[in-house]
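The sequence and the structure come before the discussion.

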Amino acid sequence: MVLKEHLEYVFVPLGLLVFFLYHIWLLFTILHQPHRTVIGLNAESRHQWVHAMMTDPFKNGVLAVQTIRNNIMASTLLATTAITLSSLIGIFARSSWSSDDTSSILQSTSSIKRISITVCFLVAFLCNVQSIRCYCHVSFLITAPTLRDKNAYLEYITNTLNRGSHSWSLGLRAFYLSFPLFLWIYGPIPMFACCCLTSFCLYFLDTTARITRDLHSSSFYKESNDVESEVEPVYHPLAGTDLVQNAAVDNV
């Protein structure tokens, strides 16, 4: 029993330290080198998507609202799962506590495990609710006509959309943290191993290779370059004028 308590004091803080140190490194990389991370590339993609949708809100309004609705459904599913699991854990913990040991709830290791898992799911629930709030706000803004200062309006919509996506990512990270906390029930060593394995897997999911960054960045400008090549005037040697300009004059 004494050896198990010593393992609790060593491996549990060490596992949480590995998990949170990885996310501190990830946050530092997102702030300073966003193109190295999937979160940074997705934020840039959403910026381009908002600009593409707002070029013609009457034509792209249905597509934009459907896309936002899909994100709302995903956040709703995670929020429902989180609050359901936290409620089940609360019911199970309440049934297992007797009236005699209610004063020593925080002193028992099993109670701390249940409380940690419950708090983890409650954080996931709150993050996903915040994500739903931002997505619902974007669904109204993206279909509204722009009267003045269009660039500032687009930036506001993009920031709100990215804020919702970041809240969804935080809620998902809380679900990732719940796996080591669940394995903590079986001992500190499985919990430490799960923290290391989760951080190792998240590294490959959160970072991007150089070829992926190049393809992702060049795809933003591919469409604009194609449009410019289509509009570029073509000189005809016999007509002596630009075909594109003649076609425009004929259409007028």
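An axis, as the word is used here, is a line fitted to C-alpha atoms, for helices over the stretch in contact, and the angle between two axes runs from 0 to 180 degrees between N-to-C directions. The model is a predicted one, and the values below are computed from it.

With that definition in hand, the axes of α4 and α5 come within 8 Å and cross at roughly 160°. Angles over 145 degrees count as roughly antiparallel, and α4 is therefore roughly antiparallel to α5. In this crossing, which is left-handed, α4 passes α5, and the residues that make up the contact divide into 20 nonpolar, 11 polar and 1 charged.

Helix α5, which spans residues 150–183, also packs against helix α6, residues 188–206, where the two axes come within 7 Å and cross at roughly 155°. These two helices are therefore roughly antiparallel to each other as well, but α5 passes α6 in a right-handed crossing. On the α5 side the contact is made by Arg173, Tyr176, Phe179, Pro180, Leu181 and Leu183, and on the α6 side by Pro190, Met191, Cys194, Cys195, Thr198, Leu202 and Asp206. By class, the residues of this contact are 10 nonpolar, 1 polar and 2 charged.

A further partner of α5 is helix α2, residues 38–54, whose axis comes within 9 Å of that of α5 and crosses it at roughly 140°. That angle makes α2 oblique to α5, and the crossing is right-handed. Among the α2 residues in this contact are Ile39, Arg46, Trp49 and Met54, which belong to a set that meets α5 residues including Lys150, Tyr153, Glu155, Leu161 and Arg173. The residues of the contact between α2 and α5 divide into 9 nonpolar, 6 polar and 4 charged.

| Helix pair | Axes come within | Crossing angle |
|---|---|---|
| α4 and α5 | 8 Å | roughly 160° |
| α5 and α6 | 7 Å | roughly 155° |
| α2 and α5 | 9 Å | roughly 140° |

Key:
Residues numbered from 1 in each chain as written. Predicted model: local features only at pLDDT ≥ 70, side-chain atom pairs only at ≥ 80, totals over all residues. Heavy atoms only, no water. Helix = DSSP H or I, 4+ residues; strand = E, 2+ residues; numbered from the N terminus. Parallel < 35°, antiparallel > 145°, perpendicular 65-115°, else oblique. Left-handed = near helix turned anticlockwise from the far one by under 90°. Contact = heavy atoms within 4.5 Å. Nonpolar A, V, L, I, M, F, W, Y, C, P; charged D, E, K, R; others polar.
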